[in-house]
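Okay, thanks everyone for coming.

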Amino acid sequence: MIKRSFSTIAAILRHLGARVTRNLLNLGLAARFFVAIIASSAICLRRPSLVIKEVYFIGVLSLVIIIVPGLFVGLVLGLQMYDTLERFGSGDIVGMVVALALIRELGPVLSALLISSRAGSAVTAEIGLMKTTEQLTAMEMMAIQPISRVIAPRFWAGILSVPLLTSIFNVVGIFGGYIVAVLLLGVDMGTFWSQIEAAVDFRLDVVNGIIKSLFFGVAITFIAVFQGYHAAPTAEGVSLATTQTVVKSAFVVLGMDFVLTAFMFRGI
Amino acid sequence: MAANRESDSLVNISNVDFAYGDRAVLRNINLRIPKGKVVAIMGGSGCGKTTLLRLIGGQLRPTAGDVVVDGQSVPRLGSGDLFRLRRKMGMLFQMGALFTDMSVFDNVAFQMREHTALPESLIRDLTLMKLHAVGLRGAASLMPSELSGGMARRVALARAIALDPMLIMYDEPFAGLDPISLAIIGRLIRTLNDALGATSIVVTHDVQESLKIVDYVYLVSEGMVIAAGTVADIHASTDPYVRQFVDAQADGPVAFHYPAEDYRRMLSGQ
């Protein structure tokens, strides 16, 4: 009996140890991959056209998925906030609340989640398929580093695109709040804009929001290229890698958001 | 045959062992690829033919032995030197491995743009010449998804010879092709090798087509070279494995049945 309990405990410990070792190995692999990307990034300065092409793919083609949800988030936020604020007789400050909520929090987080779902998963699938169809091996055999030619331009394009798309999300969201508050609920237009102008601080709110989105951009693009490059070269492997990109990006963005918010807005 | 003289060889594989984990794939392989010749490495599926190509290209390192290409020991090369050596190699992958986001023209021009500082007008002319050599100048603007299997293989061949390599490696160039495409690819392998003054290694299990175009044959089975010689030698061989392979016999040294317990005993459930 005691012998069996010991062997069960040993099996659990072995399993746990294997999991920890595997995760540590993956972490080391990710760190090496990150350093390799940075070391291979000179090509992005020498040939900016490679990055611009990817900015189009990651950024421009994601505009619809940013503008439409951005507008609806603004519309809903306007309705909800006005309803709550009006109970305290403060319906006029709805513009300020919508703007701060979007610029500080919802804009960076929701944009990052949307971009990882649309562009991150696409980048992973593209790189994974390139691996499956031996395109990356072919490149290596042509004496061309895939990390330099394929991965680095996508990585930097993602980092550039995320803050830009976040800014567009914020602007469209505030416009959605304007439609609800001013055009539908009758809040004075001058009050709406002046409240925003008075309350939103450029350095504290706008710059911090952009910094957040930059961090999110690094995280979600890195996860996307890492998952694609290390996908098993099978249909199932690419499918799994694509799913992992979306799931891991969501966890990392939400966790990172808490940490960054704690640092940026403490004591305010 | 020149394959026996080391100085005339472009590729020397000596006493090479290779294993994927615990699974031994190649065992004490010795091969010489003479300069200017088309050499076939033949054998059944999974016998280690493609692994040999990967060892020559430096994608894999042998667990023992040495692979020398153009006088350089490939496993000992650093990444910079390995990449410099690879610029002198061309490789045709089994499924072409064309870059799917680029047109046929851009696929062939890819290496010239990456490795040379040639003006775009010259790259255009050279690319069209390479495409003309494989009969696909008219398909320059097509995307890989618009090509048939045979056409994709020919574009991949044009891409492989883009920088006039000294060594061209073909991984199953005849797999999955119709008879016409098969004949075209076979003829191109021979004529391009002779026209460029290159050396070619054709890894294949297509006996009839490859014996028409190659100068020398290595037959590999279970990770070992079991026969080698000119096409005439192979045709004249009485070795049971060579005969089974060349004559495409279903049973022989390579058994039809996968090892199993006695048939009658299994059926009767004893």
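Let's start at the interface: chain A and chain B bury about 1700 Å² between them, with carbon and sulfur atoms giving 60% of that. Buried area here is the accessible area, with a 1.4 Å probe, that two parts lose on being put together, summed over both. In terms of contacts, meaning heavy atoms within 4.5 Å, 15 residues of chain A touch 22 residues of chain B.

Before I go on, the ground rules. This is a predicted model, where local features need pLDDT of at least 70 and side-chain atom pairs count only at pLDDT 80 or more, while totals for chains, interfaces and linings use all residues. Residues are numbered from 1 along each chain as its sequence is written, chains are lettered from A and ligands numbered from 1 in the order in which they are written, and side-chain values use heavy atoms, with hydrogens and water left out.

Now, salt bridges. I'm calling it a salt bridge when a side-chain nitrogen of Lys or Arg is within 4 Å of a carboxyl oxygen of Asp or Glu. Over all chains the structure holds 21 of them, and four are found across the interface of chain A and chain B. Keep an eye on Glu114(B). That side chain meets Arg149(A) at 2.7 Å, N to O, and also forms a salt bridge with Arg47(A), with the closest N and O atoms 3.1 Å apart. The Arg47(A) pair runs from helix 3 of chain B, residues 104-115, to the loop between helix 2 (42-46) and helix 3 of chain A.

On to the fold of chain A. How many helices and strands does chain A have? Ten helices and zero strands, where helices (H or I, at least four residues) and strands (E, at least two) are DSSP runs numbered from the N terminus. The C-alpha atoms fill a box of roughly 70 × 65 × 35 Å along the principal axes.

Helix packing next. Axes are lines fitted to C-alpha atoms, for helices over the stretch in contact, and angles run from 0 to 180 degrees between N-to-C directions. Under 35 degrees counts as roughly parallel, over 145 as roughly antiparallel, 65 to 115 as roughly perpendicular, and the rest as oblique.

Take helix 5 of chain A, residues 94-132. With helix 10, residues 235-264, the axes come within 8 Å and cross at roughly 150°, so helix 5 and helix 10 of chain A are roughly antiparallel.

Helix 5 of chain A also packs on helix 8, residues 189-199, at about 50° with the axes 7 Å apart. That angle makes helix 5 and helix 8 of chain A oblique. On the helix 5 side we have Val94(A), Gly95(A), Met96(A), Ala99(A) and Leu100(A), meeting Phe192(A), Gln195(A), Ile196(A) and Ala199(A) of helix 8.

Last pair: helix 3 (residues 48-58) and helix 7 (residues 146-184) of chain A pack at about 55°, axes 8 Å apart. Helix 3 is therefore oblique to helix 7 in chain A.
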